[in-house]
Amino acid sequence: MGIALSTMVVLPPLPEPAAPELDDSDVGLVRAARAGDRRACFAIWSKYAALVRRLVCRFLGPGPDYADVCQEVFLRIFKRLDELREPAALRGFVVSISLGVARNESRRRRIRAIVGLVPDEIFPAAPTPPGQDEAREAARALYRLLGTLSAEDRSLFVARFIEKMELIEVAAAHGMSPSTAKRRLARLVVRVNTRLQSSPVLMEYVGPLGQGRDL
Amino acid sequence: MKDKREASAELNCQRLGDLAGLAAPAEAPSPGAWAEIAHRLDQRGPSLRRLWPALAVASLVVLCTAGYLVVRRPLGYRVVDCTLAADGVFATTSMREGTIAFDDGSRISVEQDARFRLGMLPFGHGSDIRLEEGDAHLAVVHRPGARWSVQAGPFHIDVTGTRFDVRWARQLGRFQVTMLEGEVLVAGGAIPPATHLRAGQTLRADLRASSFAIANAQSPPTAATRAGATDSAKASSAEPAKQAPVAPRAPHPALPPISSRKRTELAACDEHPAATIPEQVPGKPEPPWPTPGAPTREPPAANSTAPQTSTPPASPTPPLPTVVAKAASVHVIFGESGQLANGFTGEASVESGDGTSFSTPASWDARAHLRPEAGQLCASGTVSGLVCVNENLPKMHCNWDRNWGVAIGWYARADHKAWGDGAAGGLAVEFHGRSASYRLNAHRKGDPKEKIYCIDNYKSGQTVRPSMFKSECWFDKGDTLPDFQQVDFFNLQFSSGMSYVAFRYCVSGITLLP
């Protein structure tokens, strides 16, 4: 035994197995995230955090930091990642969930406003470019107008006219057929233009029908 | 023009979209945001989506448990004018009666100075009333599946839906049930299991004397008679030392002690006080009216051969049993083995034509020796329709002789001989079952098997005399049965018809009349 101890050598610790390289395509990220690879989750967040934040901000309008809403979006994305049939459609999945969470937040805000917990509109200093007071005022008016739409219509407006999504993307993000999305958008356009008539600020901004001026 | 307007409206929306994009520009996500998300991902438990099977099972278990508890609720009741002791015994005062009103409409009125317990059965099925002492009047509403029972000392009453009075004098060991409506099954003490009591009957049992008597009232007791009986009972309870051997019209006639062997007593109507059948003395002939389970015996030659009693000589001898029996109606007892007693001694059986198939009794042996179910002789099954030729013509003929239906029958005597001198003057058969035309048949000893005397369209409880039996009852003609003495067999027939029919009927009682 003594001999064995004297001859024992201290081996260096085994190197940890190298983590497999992460495939940064949507398909690879989804598969890795489903397998529990936290690096993939981080990669998805890095890739789509800006998109999510933009969608949420543009849906809900200029206001406070929407970090909690964005956080909720990503938690829901990771929770429901197993439901994504086509990993390649990750972007649409993210958009769909972002708009869904934003819709819920919009409804929640409306209920809070009804019961008087928060003011109807929260418009702190709008982050408009300096010297564009007119545009800032128009933006306030626009979100007042959007506030009169249903959450679903507002979501359609954001996707189609703010995010400039194609019709098919809008349909996919809202879980409806393209023809349905087209019909709904057509009705939405009429509705927005009707309400537009009652907003002098916005009328001045867009000008006579079809004659809106450039910013 | 329209297209231009639509395009213009679309353009306006696009401009508004540009405005929104300008007003709410995208910002780079803060680096700390991911740390917060990662933290919450680590904290997140298993999703509800993964847990839903377990949650569904748990919900189902909770629902089933809650439903079971709701359904299992016992019947609700309200107790009025009773006090509840710590040991769970309700008691009424000497000043007023108490009442228990149950949610299903059943009601128990408890006389003064009574003590009782209530055991509620689950699922609202009824109640088990334990009468510790005193008198109670029960009016139980009949409900399918309900089980009501009264326990008084060793005596037990099974109730379906009925009205009756029950009295239990614990110290004297006396028990009495007076039926007002319906029927109950009584057991305990000297009373054989599943003894039927019907409306108008009064059962009196004496635990000390190990005896009981069933009396038939000519008419249902009135409230006045009940009250009188109660008073008499109280008087009797107050003076236990003054028990008379036979006390006419007394609600609790004191019965002379007999041997410890359980004896059944035959009772007369209220006009004829209950009398004890004396213990059989070896060498002496038996009385013509048999005791339960008694073997076959020949009737005595004459009433003068009255047996001696084993009661103490000082005790007055009760009236001769033969006289008592002849003067009163007697309820035939269906023995456990299918052997009848108390008037008939033969065995019960079920017979059928070719077109009958049985559900119960299933076996041939069980049909040859029909045993009572809950004190009743029952049969069920199907009877195929008659096959007829020349239908609607004068020469129409059906296979009646082969497919005649089914019959619950019994021999008058165990040795299958004619009923003899012990024959009753009339009888009434109580039965219930599928609505149909039933036929009561009698067969004379010595006649061909196919020759019967019958009463067509016989109704339950209908009292019949020999002269009402005709050999061609379906035409209301033919020979008339002279008496029952030559009859060796009776049966109650469920006849076959023109179409296939399911049957179930039970003979619940046979009463013999002098």
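Visitor: Which element gives the most to the lining of the largest pocket?

Guide: Strand 31 of chain B does, with five residues. Please keep in mind that this is a predicted model. The elements that give two or more residues to this lining are strand 19 (348–352), helix 6 (364–368), strand 26 (438–444) and strand 31 (487–495) of chain B.

Visitor: What makes a residue part of that lining?

Guide: A lining residue has an atom within 4 Å of a point of the pocket. For the largest pocket, 32 residues line it, and those nearest its centre are B:Trp404, B:Lys449, B:Glu450, B:Ile452 and B:Asn491. Its volume is about 1200 Å³.

Visitor: Let us turn to charge pairs. Why is the contact of A:Arg54 with A:Glu163 called a salt bridge?

Guide: The cut-off is 4 Å between a side-chain nitrogen of Lys or Arg and a carboxyl oxygen of Asp or Glu. The closest N and O atoms of A:Arg54 and A:Glu163 are 2.7 Å apart, so the pair qualifies. A:Arg54 sits in helix 3 (residues 38–60) of chain A, while A:Glu163 is in the loop between helix 7 (151–162) and helix 8 (167–173), so the bridge ties together parts that are 109 residues apart in sequence. A:Arg58 belongs to the picture as well: A:Arg54, A:Arg58 and A:Glu163 are linked in a network of salt bridges.

Visitor: Is A:Glu163 buried or exposed?

Guide: Buried means under 20% relative accessible area. A:Glu163 has 13%, so it counts as buried.

Visitor: How do you know that A:Glu105 and A:Arg109 form a salt bridge?

Guide: Their N to O distance is 3.7 Å, and the limit is 4 Å, so this pair also passes. Both residues lie in helix 5 (residues 90–115) of chain A, four residues apart, about one turn of the helix. In an α-helix there are 3.6 residues a turn, so residues three or four places apart point the same way. A:Glu105 is buried, at 11% relative accessible area.

Visitor: Why is helix 7 of chain A described as largely enclosed?

Guide: Ten of its twelve residues are buried, so the rest of the structure largely encloses it. Among them are A:Asp153, A:Arg154, A:Leu156, A:Phe157 and A:Phe161. Just after this helix, A:Lys164 takes a positive phi of about 55 degrees.

Visitor: Which residues are buried in helix 2 of chain A?

Guide: Helix 2 (residues 26–34) has A:Asp26, A:Gly28, A:Leu29, A:Val30, A:Ala32 and A:Ala33 buried. Just after it, A:Gly36 has a positive phi of about 95 degrees. As for chain A overall, there are ten helices and zero strands, and 43% of its 215 residues count as buried.

Visitor: What makes the backbone at B:Ser210 worth a remark?

Guide: B:Ser210 has a positive phi of about 50 degrees although it is not a glycine. It lies in the loop between strand 14 (201–206) and strand 15 (211–216) of chain B, and at 16% relative accessible area it is buried. B:Asn457 also has a positive phi, near 55 degrees. That residue is in the loop between strand 27 (453–455) and strand 28 (463–464) of chain B, and at 39% it counts as partly exposed.

Visitor: Where is the cis peptide bond?

Guide: It joins B:Thr360 and B:Pro361, with omega about -10 degrees. B:Pro361 is in the loop between strand 20 (356–360) and helix 6 of chain B.

Notes
Residues are numbered from 1 along each chain as its sequence is written. Chains are lettered from A and ligands numbered from 1 in the order in which they are written. This is a predicted model: local features need pLDDT of at least 70, side-chain atom pairs count only at pLDDT 80 or more; totals for chains, interfaces and linings use all residues. Side-chain values use heavy atoms; hydrogens and water are left out. On a 1 Å grid over the protein atoms alone, a cavity is a set of points where a 1.4 Å probe fits but cannot get out, and a pocket is an open set with protein on both sides within 12 Å along at least five of seven lines; lining residues have an atom within 4 Å of a point. Grid points are joined across faces, edges and corners, and a volume is the space filled by probe spheres set on the points. Buried means under 20% relative accessible area, exposed over 50%, partly exposed in between (1.4 Å probe, protein chains only).
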